[in-house]
Amino acid sequence: DCILRGTPGMTAPLKLARTLAGRAPVFSVRPGSVSILESPSAFYSAVMGGIGRANSRLRLAALYLGTEELEQALVAGVLQRIRSTRGLSVSVLLDRMRATRPDQFGRTSISTLSPLLAPAGDVQPIVTDGALGSASAGGEGVGGEGVGVHLFHPPAVADIVAQLPPRFNEILAVQHVKAFVFDNDVLITGANMSSDYFTNRHDRYVLISGEPQVADFFDDLLKVLGACSFTVPRGVGSGFGTERARTRLIPPRCVTAPGCCTAHPLEVSRAMTARIHDVFHKHRAQSTVEEGAEGPCDGVGATTFVVPTVQLGSADLRQDESVCTQAMALPSELGGGSVTVSSPYCNFTPAALQSLARRPLPSVKGEGSEQASTPARVELITAASEANGFYASRGVSSLLPTAYAILEYDALIFLEDRIGAADVTLRLWRRGTDTFHAKGIWYAPPARGQDDAFEDPCLTVVGSSNFGVRSTERDLEAQILLVTSDHTLRGALGRELKALRD
């Protein structure tokens, strides 16, 4: 269903963004509003800075929140901002199972958040029914003020994981979205809120500043996800690791009215799918780029687009998968170029590998002439075994780096067999004792007038997906497709990619 074939140069990546306008909002943003953060410490600084500036809304979403000093300082910053800023609405979205798994000292994500869950006082819990723009604090209806701590549980596996012990109950599916909203700023990443991600676990981070349309979209999305999650009530704090504490969770409100019993997981799944579609429909109607629109593609009048994507295969939400497979196939569709795919876990889906393995159709110079050859390259970046987050773990998970090394080799052989060893590169990231968690896609067009060379990337996908079966079929993911012809922003993407390669 890709319509890009035969479209030369920079036009096609922009057309990819416009093509998605029929299914997702396509926001035109100022190139200068997009910042590519370069390090875990820059990520932490951006989060703390966003918290300190927030005046109206503050949304934090990740798999989990850690329990060390940096995370405690983050929560203290949120609490201070709540107390000093009247009308500030705060919500935190985490995975239900990972956020309630105790560490070796019995602490959980909820323990860290306990200052925000005070039994009384000026911090009130937000409970939302998922309707766009609706929220109440403790059912009291105090406007935009309050705090909501929501624990998402993928509905399709709810009955199964309830029977499994900690860690094992995270194997089937998790809430994997990593997104932050600070008023009209949005930070999209693949990093969690824990000390290693703030110090020595390297990921990707894109900050979009002062773009209300993008912020409104992610605000609405996170509200819906919060409504389809369990809400942590006031007074549940440091002891939230026990089964008794878990039974105090407020069930999802996207189906049940206040006071009703918990809805069946299938009902929650259906309601969530419908409401996420509502979010896309609402913002698609406000989209600043319409499908098929023409516009400048290079040089003067450079344009930058952002397309948000969501994936939860078990709820039949597959937009991110479609975007990613089309992005991976761009060298084929455009007759050349370089595509780079980075993931800490190199276990790509068959559809992803097939997209990467597609070869461009050769162009013809003229009658009686030989076919022109345009360079097309595939590059994979993943963690060396020592840089894999599971390298020093205990138990069965310690075997995962070896398993991923086998999958890396299989992917490399698959691609080399189909497009040739000279056109495929596998890079293993290693940097001292640091670990690697960066995931994304970059497309760089062929350099004009230079054989076997490429320009800076004009397209990237950044967010939470690892591009494996788990990401496409079971976990809840969110990303953005960023397309630009702005030379400064493309240079920043080029430097980001170079840093991963070095």
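This is a predicted model: local features need pLDDT of at least 70, side-chain atom pairs count only at pLDDT 80 or more; totals for chains, interfaces and linings use all residues.
1. I160 sits in helix α6, which spans residues 158-161. Together with L164, F168 and I171, I160 makes up a nonpolar patch on the surface. The accessible area of these four residues together is about 360 Å².

2. Of the 502 residues in the chain, 57% are buried.

3. The chain contains 16 helices and 23 strands. Among contacts with a separation of 6 or more, 78% are between residues 24 or more positions apart.

4. Strand β11 covers residues 205-208. Y205 and L207 point one way from the strand, while V206 and I208 point the other way. In a regular strand, side chains alternate between the two faces of the sheet. Are the four residues of β11 buried or exposed? All are buried, on either side of the strand.

5. Which strands pair with β11? Strand β2, residues 34-37, pairs with β11 in the antiparallel sense over four bridges. In that pairing, I36 stands opposite V206. Strand β9, residues 185-189, also runs antiparallel to β11 and is joined to it by four bridges. Here T189 stands opposite Y205.

6. The largest nonpolar core has 79 residues. F218, V341, L380 and I441 are the residues with the most contacts inside this core. Helix α8, residues 212-227, gives the largest share of the core, with nine residues. Nonpolar side chains tend to be buried together in soluble globular proteins.

7. What does V341 touch beyond its neighbours within four places in sequence? The contacts of V341 are M328, F348, L356, E379, L380, I381, G440, I441 and F467.

8. Another core, of 43 residues, lies apart from the largest one. L65, A99, V149 and L187 are among its residues.

Definitions and conventions:
Residues are numbered from 1 along each chain as its sequence is written. Side-chain values use heavy atoms; hydrogens and water are left out. Buried means under 20% relative accessible area, exposed over 50%, partly exposed in between (1.4 Å probe, protein chains only). Helices (H or I, at least four residues) and strands (E, at least two) are DSSP runs, numbered from the N terminus. Two strands pair if DSSP finds at least two bridges between them. A nonpolar core is a set of buried Ala, Val, Leu, Ile, Met, Phe, Trp, Tyr and Cys residues joined through side-chain atoms within 4.5 Å. Contact means heavy atoms within 4.5 Å. Patches are made of residues with over 30% relative accessible area and no salt bridge: like charges are joined within 9 Å, nonpolar side chains (Val, Leu, Ile, Met, Phe, Trp, Tyr) within 5 Å. Accessible areas come from the Shrake-Rupley method with a 1.4 Å probe; for residues, only the protein chains shown count as cover. A salt bridge is a side-chain nitrogen of Lys or Arg within 4 Å of a carboxyl oxygen of Asp or Glu.
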